[in-house]
Amino acid sequence: MSRSKSKRSKPSSAQTREPAPPAPEAASGSPTAAPAAPESPSGAGAPAEPGERTVHTEARGGVVGTALRMWLAAYRVEVVLFLVSFAVLASFSSQRFLRQSEAPHFVYQAKAWLEGRLDLDPEVLPNLEDWACVREVAGKKVRCEGRLQPGDRWYVSFPSFPAVVMLPFVALHGYQFNDTSFGVIVGALAVALFYSLLRFLAKEGETARDRTENVGLALILAFGTLFFYAAIRGEVWFSAEVMGVAFTCLYVRNAVRAHRPVLAGLFFSMATLTRTPLLFAGLFFVLEALCPGPEGRFAQLRELGSNWKPALRKLGLFALGAAPLALLAAAYNLYRFGSPGEFGHAFLYNNRVNVDIDRWGLFNLVYLSRNLRAAFLLLPDISLNPLRLAYDPHGLSLLLTLPLLVFLVVPKLRPRLHWPLWLTLAVTALPGLFYQNDGYMQFGFRFSIDYTPYLLLLFAVGGWSLRNRAVQAAVVLGVLVNFWGAVAFRGYTELVRNW
């Protein structure tokens, strides 16, 4: 088409309101026929009036606005909890909030994937703290020892799902993505999700808590447990703990009475591939699939002999939901470390724990005493001259960081979920007690964050009221201790950065 034909004079506003006569080419059926004008909302075939287009757009906007208002009305408490938690956690994170931490391992893993590689570029690693280094010797994968060699391969020595969550943000910001502020956001989201779980349990008749007490329990998670100091730091160790709490809330909500087995399996795999001890929390779904009703647990187990298909179907759907991520992770581990169940700690480069790992392995009974000490026996160091209050970086008793524990020993009620939660708590806590590392450096026994949601759920179903004065005293003590941890703890970031 020539340039003179392609230029047309701009029609007046009056002309745009008249239906254009059909072009001769259109009438003759020529291939060059002009496209038909869009129909108006009335269906008359004429172009829509400008005003009509505006009304149509406003109508769609009105639908979206109405849906948003309905969602906010339904979840206003969750939204407020998220905003309040975010504001407080960001404030306590302080100047850390504006900077990437000194242990942004998941950021580097996500960036490597975006660059099309499964290992990490050793030239860009920010430090050598808790990375896995793999060397092939006679066709066997071994830990790098001595002088580094060109063929050595570097990996993140932790389950990699947090890097999957960070992928879109790392795609935008690259290696500079701020894992600290991201951890604060995830922490605030976890608090809202925990309240949503409590509200769901109350709606289903599993607890008798009202909205005020459910809000109180969510705030206790946020500021009255070790979750507080972990959520404000960033750093690979604490980021995974906080994200594990969020996925635990989603998993438990879908696992109660095994009512959504596929989603429960999906969130279970996300939780496990964030924090490996959460693999043992799969017991909760198994118990809920086998004994979902209010009848006696042993009676339900006896009935399985004649009516086992519904439970088997739920377990199968749960496995189906968990399988995709589990198979990908197993293949990834096999490629990196030669074993589908190895996440990298056997290949830690130049780490203080390697001596114990080589001698006793990652898990051993020999580690139990020091982990029990870190979890229950360590107390603050109080000096009067000069006046000083200090914590042991190996841990602090859970009786101080979560004083509500004492009320779990003497519950007022033992409802249907009492034993499933206790058993899940027990098996999830075991790996951390037999692990080669007690969590150093930390404020309090940080591995307990993995099962803190189950501890608080046990309190929620146990019948003790938050209005009880003894309970309130325990809550106040927990908040004060964890406030101290949030402001006093100095971890890897402070050790290597000149603030």
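Trainee: How many aromatic pairs does the structure hold?
Mentor: This predicted model holds 35 aromatic pairs.

Trainee: What does the pair of Tyr-108 and Trp-131 tie together?
Mentor: Tyr-108 lies in helix α6 and Trp-131 in strand β1, so the pair ties together parts that are 23 residues apart in sequence. Tyr-108 is buried, as is Trp-131.

Trainee: Why is the pair of Trp-154 and Tyr-349 called edge-to-face?
Mentor: The angle between the planes is 70°, and the cut-off is over 60. The centres are 5.1 Å apart, within the 6.5 Å limit.

Trainee: How far apart in sequence are the parts that Trp-154 and Tyr-349 tie together?
Mentor: They are 195 residues apart. Trp-154 sits in strand β3, and Tyr-349 in the loop between α15 and α16. Both residues, Trp-154 and Tyr-349, are buried.

Trainee: What links Tyr-229, Trp-237 and Phe-238 into a cluster?
Mentor: Ring pairs do. The cluster also includes Tyr-391, Phe-443, Trp-484, Phe-489 and Tyr-492.

Trainee: How do you know that Lys-111 is within reach of the ring of Tyr-175?
Mentor: Lys-111 is at 5.8 Å from the ring centre, and the limit is 6 Å. Lys-111 lies over the face of Tyr-175.

Trainee: Which ring does Arg-336 lie over?
Mentor: Arg-336 lies over the face of Tyr-332, at 4.0 Å from the ring centre.

Definitions and conventions: Residues numbered from 1 in each chain as written. Predicted model: local features only at pLDDT ≥ 70, side-chain atom pairs only at ≥ 80, totals over all residues. Heavy atoms only, no water. Phe/Tyr/Trp six-rings, centres within 6.5 Å; stacked < 30°, edge-to-face > 60°. Helix = DSSP H or I, 4+ residues; strand = E, 2+ residues; numbered from the N terminus. Buried < 20%, exposed > 50% of the residue type's maximum accessible area, 1.4 Å probe, protein only. Lys NZ or Arg CZ within 6 Å of the ring centre and 35° of its normal.
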